[in-house]
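Trainee: I would like to request a close look at a single part of this model. Please treat it in one connected account.

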Amino acid sequence: MKPTTAIVLDTRRAIKDNKFPVKLRVTYLRKRKYYGTQYKLTSEEWARVNGAKTRADQKEIRFNTSKIIAKADEVIKKMEIFSFEQFEKQYFENAGNYDVTTAFQNYIDKLTEQARISTASSCRCAKKSLKKFREGLLFQHINPDFLKKYEAWTC
């Protein structure tokens with residue numbers, strides 16, 4: 001059985017201004033994993049992006065999300081035996097748009113599966129703090145200056 005991919009609006013919890021994150025969903029053997037994208041949309045915006053009549057900016061979002069699916073499908077196609085861990089390594093290899101929040105959530109999910117609840121809780125708090133400090137933080141943004149500013153902000 002091959003994994004399936006889709007771009008979905010994650011309506012489980014709103015971020016700001018009633019917007020929800022747009023995520024890549026990979027499903028394999030009834031297990032789903034979600035990976036963040038750069039997009040955050042309202043339900044209405046999501047409907048317009050996927051509707052018949054779209055504006056230029058909405059077409060750009062649709063085009064970019066289709067590229068995300070194409071990349072994920074290509075990675076899956078190259079894998080002899082699928083595992084989420086291998087998928088993540090290959091999909092996010094050299095990816096400048098792999099955000100810190102997604103990495104934290106993947107690690108939290110792994111810790112929860114291993115029943116390491118206390119460590120998962122600590123990571124959840126760290127993720128929340130970084131997200132409050134800077135929304136959409138990418139790994140490429142983290143440097144000594146960023147860390148100094150973050151340290152000053154937390155004190």
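Is lysine 127 buried or exposed, and what is its relative accessible area?

Mentor: In this predicted model, lysine 127 has a relative accessible area of 16%. The cut-off for buried is under 20%, so lysine 127 counts as buried. This residue belongs to helix α5, which spans residues 117–133. Apart from neighbours within four places in sequence, the contacts of lysine 127 are Thr101, Phe104, Gln105 and Ile108. Arginine 30, by comparison, lies 97 residues away along the chain, and its C-alpha atom is separated from that of lysine 127 by 27 Å.

The helix that holds lysine 127 also packs against α6: the angle between α5 and α6 is about 100 degrees, and their axes are 11 Å apart. Angles of 65 to 115 degrees count as roughly perpendicular, and α5 and α6 are therefore roughly perpendicular to each other. On the α5 side, the residues that meet α6 are Ala126, Ser129, Leu130, Lys132 and Phe133. Their counterparts in α6 are Phe146, Lys149, Tyr150, Trp153 and Thr154.

Helix α6 covers residues 144–154 and includes leucine 147. With a relative accessible area of 48%, leucine 147 is partly exposed, whereas lysine 127 is buried. Together with Phe139 and Ile142, Leu147 makes a nonpolar surface patch of about 260 Å².

Methods:
Residues numbered from 1 in each chain as written. Predicted model: local features only at pLDDT ≥ 70, side-chain atom pairs only at ≥ 80, totals over all residues. Heavy atoms only, no water. Patch = residues over 30% accessible without salt bridge, like charges linked within 9 Å, V, L, I, M, F, W, Y side chains within 5 Å. Areas by Shrake-Rupley, 256 points an atom, 1.4 Å probe, with all protein chains shown as cover. Salt bridge = Lys/Arg side-chain N within 4 Å of Asp/Glu carboxyl O. Helix = DSSP H or I, 4+ residues; strand = E, 2+ residues; numbered from the N terminus. Buried < 20%, exposed > 50% of the residue type's maximum accessible area, 1.4 Å probe, protein only. Axes fitted to C-alpha atoms, helices over the stretch in contact; angles between N-to-C directions. Parallel < 35°, antiparallel > 145°, perpendicular 65-115°, else oblique. Contact = heavy atoms within 4.5 Å.
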